[in-house]
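Please read them with the coordinates open.

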Amino acid sequence: MSLSGQRIAVLGGKNGLLGQALTRVLERAGATPFPLSREDCDILDPMSVEQWLDRHDPDTLINTAAYTQVDLAEDEPDKAFALNATAPPLLATMAARRSIPFVHYSTDFVFNGQKTTPYSEYDEPNAMSVYGVSKADGERGLLKLGYDKTLIIRISWLFGPDRTNFVKKILGLADAHPTLTVVNDQMGSPSYTPDIAENTVRLLEKKATGIYHLANSGETSWHGLANMAVNLSGKNCFVKPVPSSAYPTKAVRPPYSVLDLSKFTRTTGVTPRRWEDALKQYVLEDLGLGS
Ligand SMILES: NC(=O)c1ccc[n+]([C@@H]2O[C@H](COP(=O)([O-])OP(=O)(O)OC[C@H]3O[C@@H](n4cnc5c(N)ncnc54)[C@H](OP(=O)(O)O)[C@@H]3O)[C@@H](O)[C@H]2O)c1
């Protein structure tokens, strides 16, 4: 992979789960990434972003920054909408003024989960939570703006190094509890952040624009993901499947949000590896667990 010589600003790249993986992969691809935190550049303060862009003149602007606390968003809709719905089109406008590509991430939670086959880019969003609606509004704002160098990548169920995530939390809990209960009636596509990052680079190299779905291949439930992670780690813990009704959450989640990756494969010629292989790398190599 090569993005040689490209200067790429990564909003959320200093501390974010995906942003940090992306920063590393961009470096490996020969680019010069600028990982940014809220202190460097606050996306709720457009002037601070403009000034940063004027000073550093990047060739691409990538936005991984977002309001990502799905349940808390139900109590903080204003914050969620400011970050997820209002900010992205403003960022795209700044990229448009400089005629540089703008990459933005969205989520499987824009769908209501009533389908039983993978969601394609042509399926209509119909979110059921504040977080999902705010992210769908962000996408709509970008599409309405119509800047032709915009790439929107919908991803799902992230896990990976650098920051806590579902898998890491489960493995922490498995140390303290002989049994864990995890829901088995929500199906999705787990995504390993280094794989999402590498496949983002592939889309950048193809100069892809519009909406793309990206995840690891295959599908499972939260229980399936947790159970395999615990088994791989060798921890002595039984992961018991339970229905969502046994584990009420503030935000309603889609019961089925598996993403169809065929558009990505048609564009790049690459089929993302299966989530089980990526999970193995995360648990055994990144976390150094298992025998
Ligand atoms: N996590 C998932 O399972 C998942 C699933 C589907 C889609 N996504 C999407 O994928 C993208 C990346 O998610 P993630 O889990 O990597 O996010 P994350 O770890 O929660 O990181 C989000 C980053 O946003 C930054 N941020 C928040 N407010 C900001 C502001 N006002 N100005 C500038 N930066 C700000 C934070 O930077 P600081 O730390 O510097 O404050 C934080 O590092 C998001 O668009 C998310 O919606 C995530």
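1. Helix H6 (residues 193-205) contributes three residues to the lining of the second largest pocket, the most of any contributor. Helices (H or I, at least four residues) and strands (E, at least two) are DSSP runs, numbered from the N terminus. This is a predicted model, in which local features need pLDDT of at least 70 and side-chain atom pairs count only at pLDDT 80 or more, while totals for chains, interfaces and linings use all residues. Residues are numbered from 1 along each chain as its sequence is written, and side-chain values use heavy atoms, with hydrogens and water left out.

2. The second largest pocket has a volume of about 270 Å³. Its lining comprises 15 residues, with Gln6, Thr60, Pro101, Leu204 and Lys207 nearest the centre. By class the lining residues are eight nonpolar, three polar and four charged. A pocket here is an open set of points on a 1 Å grid over the protein atoms alone, where a 1.4 Å probe fits, with protein on both sides within 12 Å along at least five of seven lines; lining residues have an atom within 4 Å of a point. The volume is the space filled by probe spheres set on the points, which are joined across faces, edges and corners. Nonpolar covers Ala, Val, Leu, Ile, Met, Phe, Trp, Tyr, Cys and Pro, charged covers Asp, Glu, Lys and Arg, and the others, Gly among them, are polar.

3. Asn199 also belongs to helix H6. Asn199 is buried, at 4% relative accessible area; buried means under 20%, exposed over 50%, and partly exposed in between (1.4 Å probe, protein chains only). Beyond neighbours within four places in sequence, Asn199 is in contact with Leu214, Phe264, Val270 and Pro272, where contact means heavy atoms within 4.5 Å.

4. Helix H4 (residues 130-145) has 16 residues and spans 22 Å between its first and last C-alpha, close to the 22 Å expected. The expected span is 1.5 Å times one less than the number of residues. Its buried residues, including Tyr131, Lys135 and Glu139, pack against helix H3 (77-98), strand E4 (102-107) and strand E5 (150-155).

5. Which residue has a positive phi of about 50 degrees although it is not a glycine? That residue is Asp57, in the loop between helix H2 (46-56) and strand E3 (60-63). Asp57 is exposed, at 53% relative accessible area. Ser99 likewise has a positive phi, near 55 degrees; Ser99 sits in the loop between H3 and E4 and is partly exposed at 42%.
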